[in-house]
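Subject: Structure handover

Hello,

Here is the structure I said I would pass on. My notes on what was found in it follow.

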Amino acid sequence: FPYTTLFRSFCMGVAKNIIHERLRNRKREEGAWLELIGYSQDKSTDAVVEKIMNLMKPCFEELPKDDQELLIEYCKVSPQERAERRCKLAENLKLSIAALRIRVTRLRRRLQDCVKRLSKKQ
C-alpha cells in the first residue's frame with residue numbers, strides 16, 4: 001500500500017517531535033532548578049551538590065522516621081535489582097506498586113517544595 005509509507009513517515013515525524021519536546025522540557029526544568037539554587041558557571045559540581053545537600057538535610061529530617069526510611073529503601077537500590085526490591089518493599093508495606101510510587105512521589109515533592117522554600121530564604 002502506498003499509504004503505509006506515508007503513515008510510517010507521519011508516525012516517525014510525530015515521534016521525533018515528541019522526543020524534541022521532552023528534551024526541551026528537560027532542559028527547561030534543569031535550568032530552572034539550577035537557577036533556583038543559585039548556580040553559576042563559576043561553581044564546581046561539588047559546590048552545587050554540597051549546596052543541595054545542605055538545603056535538603058533539614059527538609060529530610062522534618063519527615064517522620066517511617067517516611068525517611070521509605071525514601072532511603074526506595075532510592076538505594078541498584079538499577080539491576082530495582083524492580084524486585086521495590087516489589088518486596090511494596091509487599092512489606094502492604095501496598096501495591098502503584099501506591100508505593102505515589103507515596104514516594106508525594107514525599108519527593110514535599111522535599112522539593114521544602115528545598116525551594118529554604119533556597120528562597122537564602
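Of the 122 residues in the protein, 18% are buried; buried means under 20% relative accessible area, exposed means over 50%, and partly exposed lies in between (1.4 Å probe, protein chains only). The model is a predicted one: local features need pLDDT of at least 70, side-chain atom pairs count only at pLDDT 80 or more, and totals for chains, interfaces and linings use all residues. Residues are numbered from 1 along each chain as its sequence is written, and side-chain values use heavy atoms, with hydrogens and water left out.

The secondary structure consists of 5 helices and 0 strands, where helices (H or I, at least four residues) and strands (E, at least two) are DSSP runs numbered from the N terminus. Along the sequence this gives the pattern α-α-α-α-α. Of the contacts between residues at least 6 apart in sequence, 54% join residues at least 24 apart; a contact means heavy atoms within 4.5 Å.

The accessible surface is about 10,000 Å², and carbon and sulfur atoms account for 55% of that surface. Such areas come from the Shrake-Rupley method with a 1.4 Å probe, and for residues only the protein chains shown count as cover. A nonpolar patch on the surface is formed by Phe10, Val14 and Ile18, which together have about 270 Å² of accessible area. Isoleucine 18 belongs to helix α1 (residues 2-36) and counts as partly exposed because its relative accessibility is 38%.

Next, the cysteines. The structure holds 1 disulfide, meaning a pair of cysteine sulfur atoms within 2.5 Å. The partners are cysteine 59 and cysteine 114, with their sulfur atoms 2.1 Å apart. This pair links distant parts of the chain, since cysteine 59 is in helix α2 (residues 45-62) and cysteine 114 is in helix α5, 55 residues apart. The link is left-handed, with -80 degrees about the S-S bond, and both cysteines of the pair are buried. Cysteine 75 is partly exposed because its relative accessibility is 43%; cysteine 87 is also partly exposed, at 41%.

Helix α5 has 25 residues and spans 36 Å from its first C-alpha to its last, close to the 36 Å expected at 1.5 Å a residue. The expected span is 1.5 Å times one less than the number of residues. The buried residues in α5 include Leu100, Val104, Leu107 and Leu111.

Arginine 108 also lies in α5 (residues 97-121), and counts as partly exposed because its relative accessibility is 41%. Apart from neighbours within four places in sequence, arginine 108 is in contact with Leu71, Tyr74 and Cys75.

Aspartate 67 sits in helix α3 (residues 65-75) and is buried because its relative accessible area is 12%. Residues up to four places away in sequence aside, aspartate 67 touches Arg103, Leu107 and Arg110.

Regards

Conventions:
Patch = residues over 30% accessible without salt bridge, like charges linked within 9 Å, V, L, I, M, F, W, Y side chains within 5 Å. Salt bridge = Lys/Arg side-chain N within 4 Å of Asp/Glu carboxyl O.
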